[in-house]
Amino acid sequence: MVHDRGVLYGHWLADILLEFECQSIKTPPRYPWHNSFVERFNLSIKTEILNRIILIEVDHVRVVCLSYQRFYNTMRPHQGLSGRIPCATKSDGINSIDLKNIEVFKSIEMGGLVTQFRLAA
């Protein structure tokens, strides 16, 4: 786990990470931008998912986090990419479309926490 040197991460974190067979990697002192991508992902998963559900056990956390990671990289538009999705699809790059003759599919993701709309292929 990459994290900064804030007081939030006490000695207890190392014990928890060892329990999950994870390594603790601290960013350099006073360099918050070294961790900007991780910080943005952490904020997104926290506000979009983790603040909305009660996690039951470690396996539940793994399933939720893996599911969100898949959603984050393959379906969710990213502000830093001008609204594009990281794992590009054929429909990327469309600037404007006529919706009169377009079929749109609705899918429910993350157990109902996210509603996604996609153009038919």
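Which residues lie nearest the centre of the largest pocket, and how many residues line this pocket?

## The largest pocket

The largest pocket is lined by 25 residues, and M1, N42, L50, V61 and C65 lie nearest its centre. This is a predicted model, in which local features need pLDDT of at least 70 and side-chain atom pairs count only at pLDDT 80 or more, while totals for chains, interfaces and linings use all residues. Residues are numbered from 1 along each chain as its sequence is written, and side-chain values use heavy atoms, with hydrogens and water left out.

A pocket here is an open set of points on a 1 Å grid over the protein atoms alone, where a 1.4 Å probe fits, with protein on both sides within 12 Å along at least five of seven lines, and a lining residue has an atom within 4 Å of a point.

Two or more residues of the lining come from each of β1 (2-3), α1 (11-19), α2 (36-50) and α3 (58-74), where helices (H or I, at least four residues) and strands (E, at least two) are DSSP runs numbered from the N terminus. Helix α2 gives the most, with eight residues. By residue type, the lining holds 19 nonpolar, three polar and three charged residues, with Ala, Val, Leu, Ile, Met, Phe, Trp, Tyr, Cys and Pro counted as nonpolar, Asp, Glu, Lys and Arg as charged, and the others, Gly among them, as polar.

## L50 in helix α2

L50 is found in helix α2. L50 is described as partly exposed because its relative accessible area is 29%, which falls between buried (under 20%) and exposed (over 50%), as judged with a 1.4 Å probe and protein chains only. Not counting residues up to four places away in sequence, L50 touches I45, L55 and V64, a contact being heavy atoms within 4.5 Å. L50 and V64 are 14 residues apart in sequence, and their C-alpha atoms are 8.7 Å apart in space.

## The nonpolar core and the hairpin

Strands β3 (residues 104-109) and β4 (residues 114-119) pair in the antiparallel sense over six bridges, where pairing requires at least two bridges found by DSSP. F105 has R118 in β4 as its bridge partner. The hairpin of β3 and β4 has four residues between the strands, and M110 takes a positive phi near 55 degrees there. Leaving aside neighbours within four places in sequence, V114 is in contact with I49, F71, S107, I108 and E109.
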